Amino acid sequence: MQFEIDGEDELFRSEVRAFLQKHLSQELAIRNSRGYHFIRDDMRCWTKLLNQHGYSGANWPASWGGTGWSPLRQFIFDEECFLAGAPPVDTGGFKMIGPVIMTFGSEAMKAKYGPLILNGDIFWGQGFSEPNAGSDLASLTTRAVRDGDEYVINGQKIWTSFVESAEMIFLLAKTDPEARQRGISMILVERDTPGVTIRPIHDIGESYSLNEVFFDNVRVPVENLVGEEGKGWSYAKFLLENERAFSAEWPRNNANLIRLKSILNASQHDGSRLIDLPGFASRVASLETDLIALRWLSLRALHEKAGGRSNLPIGSLLKIRGSELLQKIGDMQVEALGSYANYVYLDPQGSPEIESAWVSGPDYAPGIMADYLYRRATTVYGGANEVQRTIIARSFLEM
Ligand SMILES: Cc1cc2nc3c(=O)[nH]c(=O)nc-3n(C[C@H](O)[C@H](O)[C@H](O)COP(=O)(O)OP(=O)(O)OC[C@H]3O[C@@H](n4cnc5c(N)ncnc54)[C@H](O)[C@@H]3O)c2cc1C
């Protein structure tokens, strides 16, 4: 396991920095450094630009059309992009369904979707959870019935993030309602297929990223079945482990801690600094220690994944540590902001009318409360932390 960053990796870091300096506009960087949801058009343009320069698919091997970078280089790339304020690429495509398609999909499916994902031409919604199937996902009831060369899908999904601006949905449906896990298949659906209805759920942060999705006699070609019928559960486990491996969100945690430290170091109206108060100083030191530990854990996960050696549910470990740290840093950011924490609902697109409706405050304030409110959900989405703890316990007890 190589964790140390050597001279060549440092050179790589300099190349990434130079690339970001040249291609990332100031406007994009400011907008994406705040805590609001990323804007899809920014993500699309940025992914296309990455693709033009051979930087798309940081986590994909070269045989899939990706960069083929080592785990350490993927880590450096993500770290630098986040710190610079670059928009992210679509997690659904690059980190969730993309690897499933490229591992288990037919050759035709790989050839069709691989290039579209790499070029930011399609974005994906994840249709797993249902009103009565979240932690207990295997009890999902959405049905896919084979009818000639098509599947006919009926059912409902919920909490489907960002599907309102996606082109595709990957979903789990029962092709055999009698069987539990072995009756589940994974199917790709074009979002605009007749019979798909999307209804928004507005969240506490006043933003909109969550949805209910209804499937009413939705017909999709059988070619949209991923891999084999009845194997959807094992593909979903592969996907969820990938999702959790990235849910440590080290780059975001790192950037948020840097932002917290700049708030603590800023002069208050009386010239004092919060960092000089022992209560704040000791807590930020403790968060920094947690962040360093998370960095090593993330690097270890990337290495073990690359080598295929881990028996540990490392994705679950990362999910717990990363999500809890995001919340702890957010708590302290809001506390440190004081009354500026109310400086919250600035339009992320920076509309001048809305900006002028707010009293002026420090540059670092906008977006922090929005991010804080959204991150209440980090310990739930991607699989509740209580459930992750059971997965970890079981893996040790069954060793
Ligand atoms: C912001 C957000 C975005 C999301 N995005 C998506 C998405 O894009 N696609 C998608 O498919 N889903 C998405 N989800 C859904 C998410 O995966 C589920 O919320 C999660 O799996 C928990 O399921 P549930 O909400 O049905 O809660 P439940 O399963 O009802 O659980 C509620 C709580 O009960 C406890 N609990 C439940 N079971 C156990 C157990 N076995 N052991 C111990 N404690 C337990 C846990 O504390 C849990 O938090 C999203 C959720 C949120 C909040």
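A salt bridge is taken here as a side-chain nitrogen of Lys or Arg within 4 Å of a carboxyl oxygen of Asp or Glu. The structure is a predicted model, in which local features need pLDDT of at least 70 and side-chain atom pairs count only at pLDDT 80 or more, whereas totals for chains, interfaces and linings use all residues. Residues are numbered from 1 along each chain as its sequence is written, and side-chain values use heavy atoms, with hydrogens and water left out.

Over the whole structure, 29 salt bridges are found. One of them joins R44 to E167, with the closest N and O atoms 3.0 Å apart. This pair links distant parts of the chain, 123 residues apart: R44 belongs to helix α3 (residues 40–52), and E167 to the loop between β3 (150–158) and β4 (168–174). Helices (H or I, at least four residues) and strands (E, at least two) are DSSP runs, numbered from the N terminus.

The protein chain is divided into domain 1 (7–89), domain 2 (124–230) and domain 3 (247–397), with bounds from an automatic or database domain assignment. The contact (heavy atoms within 4.5 Å) involves 17 residues of domain 1 and 25 residues of domain 3. Between these two domains about 1,800 Å² is buried, 68% of it from carbon and sulfur atoms; buried area is the accessible area (1.4 Å probe) that two parts lose on being put together, summed over both.

Across the interface of domain 1 and domain 3, one salt bridge is found. The side chains of R295 and E79 meet in a salt bridge at 3.9 Å, N to O. On the side of domain 1 that touches domain 3, α2 (26–33) and α4 (71–84) each supply at least two residues. The most come from α4, with eight residues.

The ligand is surrounded by 17 residues (a heavy atom within 4 Å), the closest being Q126, S129, S135, W159 and S161. Polar contacts are pairs of N or O atoms within 3.5 Å; within protein, one must be able to donate a hydrogen and the other to accept it, and residues adjacent in sequence count only if both atoms are side-chain atoms. A backbone N or O atom of W159 lies 2.8 Å from a ligand nitrogen atom. A polar backbone atom of F128 is 3.0 Å from an oxygen atom of the ligand, and a polar side-chain atom of E386 lies 3.0 Å from a ligand oxygen atom.
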